[in-house]
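Please examine the model shown below, taking the local backbone features, the helix packing and the chain contact in turn.

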Amino acid sequence: MNLSLLVLVPLITAIAVLFCRGLNGVRWVSLAGASVQLLLSFGLLALYWKERAAGNSAAMLFEYRHTWFLPLNIWYHVGVDGISIAMILLTALVMEAAILVSWSIRTMGKEFFALLLFLSAGAYGFFLSLDLFTLFFFLEVSVIPKFLLIGVWGSGRKDYSAMKLALMLMGGSALVFIGLLGLYYSTGGATGPHTFDWQRIAQMQLPAEVQRKFFPFLFVGFGIFTALFPLHTWVPDGHSSAPTAASMFLAGISMKLGGYGCLRVAVYLMPIAAREYSPVIILLATIAIVYGAFATMMQKDLKYINAYSSISHCGFILLGIGMLTRTAITGAVIQMISHGLMTALFFAAIGMIYDRTHTRLVAQLGGLLKIMPFISTIFVIAGLCSLGLPGLSGFVAEITVFMGSWQRAGEMYRLATVLACASIVITAVYILRATGKSIMGPVSDPQYNGLADATWNEKLAGILLGAGIIAIGVAPFWLSDLLASGIGAIMDHAIIIK
Amino acid sequence: MWAGIIFSLRQELIVTGIIFLLLFIKVRATEYKTGVLLNLVNLLLLVNFVLGFFGCQDAALFNGMFHTNKLLVLEKNMLNLGTLIISLQAYDWLKGHRQVLEFYLLLLATLVGFFFMISAGNLLMFYLGLELSTIPLAALSSFDLEKRRSSEAAMKFIMSSAFSSALLLFGISLLYGATGTLGFDTIAQRLDGSAFQLFAFILILSGFAFKISVVPFHLWTADVYEGSPVTVTAYLSVISKGAVFFVFIQVLYTIFKPLAGNWYRILVLLSILTMVTGNLFALRQDKLKRLLAFSSIAQSGFILAGITGSSRTGDASVIYFILVYIFSNLGAFGVVSLISAQTGKESIDDYKGLYATNPLLSWIMAISLFSLAGIPPTAGFFGKFFLLMAGAGKGNYVFIGIAALNMVISLYYYLRVIKAIFMDSQPEPIGKLKIPLLPNIAFLVCVAGIIMTGLMGWIYDYIYSLSIGF
């Protein structure tokens, strides 16, 4: 399968959208593009299983290389393994849902859908890249569309949030950039040829001092994208000011770019440094988990609740990566996917509620279950997934992370694991309080009585994401099998070094 | 023999030919149609651009005073393209101007000067070319004849140019005293790094630093850019700066190659100073022209970072960046020029709500600014990436870190303009503007250049195959 299709389909759709006449055309073309992309992603999954069943054990499948800047040894190089496929599936699902819930966008609809699709093209490219230059290119592609999406269609302090998000993410990219240059120049000796090809860099086993020097740049740089503790401040503002679809994309996919980068680039290419820095990573991740959870308890706005809880949940991703055991890393990747689906569903539900009641404050909501049963149901599913109810994906992800973390011996690691586990109680407090107050009880405002339940497009979006959550929650093994080979490569590499 | 000379000098000869043609028209014709004249000049520039693509041999003419090779022809062609774009964009402004002929006479004289300067094989020739371009430039910056600010700009420009030329000349004469020669190839052999030679070098460097507005020699830039007509500002910030950078890098990489250890550290320092100062001043500007002036100072800092690489990657990245910079800066200036010509508005606040009335212009502006900020998929991303990559080749990651941080700072002020255009509104936004055909073509070239230059890697490959380094 030609992987470049996955980048081209959203791009072509985005361009086609710009030439559409009328809002309806724009919507349907975007939806068609996203659906084709979703089918392609599932097709890719099927092909991948077929290849693997046929005994193809190459690390990366469907590789494609094309020269880009030959004198610098920069290639357009794409390929997939299980981890990338899982991330691509997640992106396709979230995008489909995001387009479905944006049906009611009226102002500048054409630009909105085009930017959203363009943004997703960047994410697909990022997950496909096997060349660090290609990867960095796609990482930065996504900064500006986010800025415009928040700034033009957002609410609240949108100017401030958009600027803060763009600058902080650009700062993250700048750190990544330095790290990448450091890696590039430490390959191939003093005269070169240097390379950005990450598989080749992994085989080279960079010297320990190089790893020590550049690991922090790459890890912190990607970490900013995934709300690494002291640099998480763009998350609450950005997520809550963004329009619904952009929030879904930001929390669901954009934050995962960081986690994927931390794992694939920082930890995989620099295992010695990863081991040495792992106490620091774990410390920051634990702070993020606990602090995020407590901060969420204080929030009154539903979007802020989800944004702060994202910090806490993304802490689990970093915790799993920092623990460096096979189970913990598997858990971290499952958490990326689970959190992506869950948070997208949560934001979608919040968006639907807000569209109808025009408020997101928990105190003003109440009794919604009677008025809009479907929306309330998906809201509760997302909430329960967030607090880790068995049968939903959040449970699978978190329990895997905890088990993996416990495998790492040492008092500090044990303590971090216990604290992270304990944070679930706090999660339960804020989730149950928020859902209980807004869904159950008497209807808080008589005006709400006449409000309609979800329309067909909103229902479809909710069902898609909800199905994903339940599919992982009930039958997690297909996912962990899919991830096994990719994570195996990372762990083998780490063990060889040890 | 004559054929060889004519062929090697063809770019200079064609531009000189245009100048003579215009002079004859000026002297002989009592009446001429401005529109026809503009089209004629643009057409001839286009011919020159196309002819520039035909192959050429390496040649040294006039006892090594003038030399040419594929790289130099390419560089001249880039400047020619830039001038053509500016000329197309200025169509509106020029059509209403009384002295169109004189404008082109002066403009093309500077272009010939740059051509000779780039091809110089001798410091004397280089100085001649530089002066041929500097003096008409001063006249050009006062071309808004009714405006006092424009004359003021010209005055400031001529003073600072004269000062920098004097420094340069002093340096050249000291260098002549130290080495006994003015030829590029022979000077390099006679440099030994003595204090006297270093002094001469520093003077020459300062002269260059004035021309490319490197901090602390940048003080003239903002005022001159602001006072001059937008067209001239665009020319100053792109063509003039690009040309001087072409020569600067050649001079550093060939003549002063023996002093590389000395100039490396100086350039790193100047680069950091320039980036930081340019960016910090740009943060608080309210006028778009001033903002672009300071941003162009900051861009000079980035180009210096590429030069410090002193490898073939360094040379290639600088030339590539200037190509990208021509497209992106001219795209931005084109929009400013059009709006300024039709409404007279030039401040960022005036641009609020532009998207509602002029979506096309807004997108052109946005793409150009993203390219200047170095955001993919625009070519500016590749340009900046390669500059800093070349700079990082020396292993000085503190320096590269500061540069990368500066990219973040610069994003802020570019986004301020984007925010005004797309997100803000005002009671009386700029009305719907008509884009005439020629500026439209210019915009098309700029946008196509911004998008294609990066994605098509062979452009960089070609430049790299011609570049020099050590």
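In chain B of this predicted model, B:N63 sits in the loop that joins β1 (59-61) to β2 (66-68).

A:M108 belongs to the loop between α3 (82-101) and α4 (109-128) of chain A. Here 16 other C-beta atoms lie within 10 Å, so A:M108 is classed as partly exposed; the count falls between the limit of 12 or fewer for exposed residues and that of 20 or more for buried ones.

The backbone of chain B also contains cis peptide bonds. The bond from B:V215 to B:P216 is cis, with omega near 5°, and B:P216 is placed in the loop between α10 (195-211) and α11 (219-227) of chain B. The bond that leads from B:P376 to B:P377 is cis as well, with omega near 0°. B:P377 is found in the loop that links α17 (359-373) and α18 (379-392) of chain B.

Attention now turns to helix packing. Two packed helices are described by the angle between their axes and the distance between the axes. In chain B, the axes of helix α6 (residues 100-119) and helix α12 (residues 230-255) come within 9 Å and cross at roughly 10°. Because angles under 35 degrees count as roughly parallel, α6(B) and α12(B) are described as roughly parallel to each other. Their crossing is left-handed. From α6(B) the contact draws on B:F114, B:M117 and B:I118, and from α12(B) on B:A243, B:F246 and B:V247. By class, this contact of α6(B) with α12(B) comprises 6 nonpolar residues, with no polar and no charged ones.

The contact between the chains remains to be described. Chain A contributes 27 residues to it, and chain B contributes 27 residues. On the side of chain A that touches chain B, β1 (61-69), α5 (132-141), α6 (143-153) and α7 (158-185) each supply at least two residues. The largest share of that side, 12 residues, comes from α7(A). By class, the side of chain A that touches chain B has 21 nonpolar, 4 polar and 2 charged residues.

Definitions and conventions:
Residues numbered from 1 in each chain as written. Chains lettered and ligands numbered in written order. Predicted model: local features only at pLDDT ≥ 70, side-chain atom pairs only at ≥ 80, totals over all residues. Axes fitted to C-alpha atoms, helices over the stretch in contact; angles between N-to-C directions. Helix = DSSP H or I, 4+ residues; strand = E, 2+ residues; numbered from the N terminus. Parallel < 35°, antiparallel > 145°, perpendicular 65-115°, else oblique. Left-handed = near helix turned anticlockwise from the far one by under 90°. Contact = placed C-beta atoms within 7 Å. Nonpolar A, V, L, I, M, F, W, Y, C, P; charged D, E, K, R; others polar.
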